[in-house]
Amino acid sequence: MIDHVSIGTRELPRATNFYSACFAPLGYSVQHQDDGQTIYGANGHWSFALYPSPQGELIGARTHVAIAAPSQQAAQGFFEAAIACGATALREPGLRPDINERYYGTMVKDPDGHTIEVVHWIS
């Protein structure tokens, strides 16, 4: 249901490298990029944007973004890439019947402190 999400970062190049690696297993890539933004998605659809945040401005304090994964393997791939790129694990990939019997997902805190969840709904 997410059309697009925009989040801030202190270091756009670092954040771009992080999300490029983490989103690749999910099939998402850079759709647009310039000095002031990096925008991810698939097939020309812009879904997830990174913007530089001014110093002194809070970023990521209560941000929670859930990204759809096409499979359990893709969710696992996201988690592995995220950890390798400096994320902190908040929820290891796996089934979470306490959330929903069809839920398979993971959650990390990215290097800027944003909480990113990746979920695959089992049919």
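Predicted model: local features only at pLDDT ≥ 70, side-chain atom pairs only at ≥ 80, totals over all residues.
Q: In what order do the elements of the protein run from the N terminus on?
A: Side-chain values use heavy atoms, with hydrogens and water left out. Helices (H or I, at least four residues) and strands (E, at least two) are DSSP runs numbered from the N terminus. The protein has two helices and eight strands, and the order is β-α-β-β-β-β-α-β-β-β.

Q: How many residues of strand 7 are buried?
A: Let's take buried as under 20% relative accessible area (1.4 Å probe, protein chains only). Strand 7 covers residues 103-109 and is mostly covered. The number of its seven residues that are buried is six.

Q: How many bridges join strand 7 and strand 8?
A: Two strands pair if DSSP finds at least two bridges between them. On one side, strand 6 (residues 88-95) runs antiparallel to strand 7 with five bridges, and threonine 88 has lysine 109 as its bridge partner. With strand 8 (residues 115-121), strand 7 also pairs in the antiparallel sense, and the bridges number seven.

Q: Which residue in the hairpin of strand 7 and strand 8 takes a positive phi?
A: Within this pair, glycine 105 stands opposite valine 119 of strand 8. Five residues lie between the strands of the hairpin. The residue with a positive phi, near 95 degrees, is glycine 113.

Note on methods:
Residues numbered from 1 in each chain as written. Buried < 20%, exposed > 50% of the residue type's maximum accessible area, 1.4 Å probe, protein only.
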